[in-house]
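Me: I would like to go through some of the terms used for this structure and see what each one rests on.

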Amino acid sequence: MSIRSRLEASPPVEMAAHDRRVIPINPDVRAVLGLYLSSFRNYDEAAHAVGVSKDTIAKYFEGNPNIAFYVFKAIAEIVQQRFSPERLHEAIPHTTVDELLALAHERNGQQIDNVMYEISPPLLKLLQLYTEQFPSRARAAQKLEVNPRTFKAYLKGDIRSFPRRKFERLVALLEEKGFTRPKLEEAAGVSSWEELLSAKVRLETLQVTEREIIDEIRKLFETGMLKNELIEKRLRNAASRVFGSLGEAMRAAMKEIETELLSRIETDVEKANFASAFKDIRRLERHIQVYAAKERAVTRSAGNTRKKRWKDEVFEMSQRKNKFKKLVFQALRLKDFPVDQDPLPASEEELAAYSPERTYHPGDILLHPEFGLGHVLRTEDRQCVITFGPKVGEKTLIMSERRGGPEFWQRPAN
């Protein structure tokens with residue numbers, strides 16, 4: 001079953017984020033959490049279904065003493081939908097989900113240790129060294145009092161941060177096995193303990209809405225800065241919390257950009273504002289290229305199915321863009337030619353080619369034998385600056401000094 005169909009089968013429950021109550025995470029609550037997680041393929045799906053980040057889900061298993069009431073209520077409702085009453089009774093034989101919900105109490109304001117260590121290459125080496133000291137990864141996770149699936153996610157990089165308290169326990173267990181601090185520093189490839197812990201962070205998350213996240217990503221589209229290393233960590237965390245991942249947030253932003261620009265192009269055509277229409281077409285082409293480059297980088301090592309998905313998406317965007325470009329050309333021809341003139345060209349290829357013997361003006365459209373479709377941006381003396389799209393860019397070409405409009409199509413002699 002696909003991610004989309006799984007989430008549609010159990011849509012996220014509308015949560016009252018203002019509810020400040022919490023539920024203590026006792027063995028029964030943890031058993032319900034285990035059932036919930038087992039019904040998803042990965043942490044991303046499980047987190048997205050209740051509107052939290054996968055790091056938050058992980059901390060409920062081995063870090064936090066409490067779980068937010070509205071989150072547990074959403075989890076409980078999904079569990080009750082997906083599992084039979086018999087299966088629930090088997091998991092929590094001495095209580096019920098309703099009784100667990102009744103444990104909710106007001107947050108007492110006590111400071112919770114949310115400090116995490118970013119799983120940098122040195123820290124990952126320590127995690128791998130720790131795992132090697134046990135006969136199995138499950139046993140290593142058990143000694144650390146971490147859910148085995150969570151521990152696997154740490155090692156694979158699916159979860160990018162590690163709780164400080166779990167790290168301190170990991171170091172204590174390694175020291176019990178004879179590893180001194182200098183040996184641990186050597187194994188991690190660092191020169192000092194401070195260097196190893198330089199990645200200590202208190203995870204930043206923008207407390208923003210879906211609308212604000214899309215607005216932030218749209219600004220990145222405008223600058224062409226969609227590389228992960230250039231995107232603020234707090235924005236990535238917020239996108240993961242609200243959309244499930246930064247990639248999904250970018251897809252939502254690109255969809256909105258495309259819809260908006262196509263609507264503007266259509267309006268420009270109705271108003272015969274062709275210069276604005278071609279400006280929006282060029283802008284859409286740039287955004288599609290930026291989006292395609294990001295998806296290509298993300299899926300470089302992914303499977304063929306995922307690669308095909310983004311290629312199909314980009315192809316469909318380009319098809320829709322080309323359809324509107326054709327609409328603009330058709331409108332241009334209808335505007336330039338009276339109905340009693342000769343039949344109009346049926347396609348772009350029938351436009352007259354660029355000629356240095358013609359005179360051009362800003363906004364004119366032409367075809368160059370080497371560069372393809374061009375849009376005149378500005379003219380000066382016997383030169384005209386023409387854009388041929390993002391792949392070719394702008395070119396400065398010569399033109400005639402004659403005055404008068406460009407003759408794109410041969411008109412009958414007087």
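**Terms and their grounds**

Reply: Helix α2 (residues 27-38) packs against helix α5 (residues 69-82) at an angle of about 60 degrees, and their axes are 10 Å apart. The model is a predicted one.

Me: What makes the contact of α2 with α5 nonpolar, polar or charged?

Reply: Val29, Val32, Leu33, Leu35 and Tyr36 of α2 meet Phe72, Ile75, Ile78 and Val79 of α5. Val, Leu, Ile, Phe and Tyr count as nonpolar, so the contact has nine nonpolar residues, no polar and no charged.

Me: How do you know that Glu145 and Arg169 form a salt bridge?

Reply: The N to O distance is 3.9 Å, and the cut-off is within 4 Å. Glu145 is in the loop between α9 (137-143) and α10 (148-156), whereas Arg169 is in helix α11 (residues 164-176), 24 residues apart.

Me: Which side chain forms a salt bridge with Arg320, and why is that partner called buried?

Reply: Glu258 does, with the closest N and O atoms 2.6 Å apart. Buried means under 20% relative accessible area; Glu258 has 6%, so Glu258 counts as buried.

Me: What makes Arg320 partly exposed?

Reply: Its relative accessible area is 36%. Buried is under 20% and exposed is over 50%, so Arg320 falls in between and is partly exposed.

Methods. Residues numbered from 1 in each chain as written. Predicted model: local features only at pLDDT ≥ 70, side-chain atom pairs only at ≥ 80, totals over all residues. Heavy atoms only, no water. Axes fitted to C-alpha atoms, helices over the stretch in contact; angles between N-to-C directions. Helix = DSSP H or I, 4+ residues; strand = E, 2+ residues; numbered from the N terminus. Contact = heavy atoms within 4.5 Å. Buried < 20%, exposed > 50% of the residue type's maximum accessible area, 1.4 Å probe, protein only.
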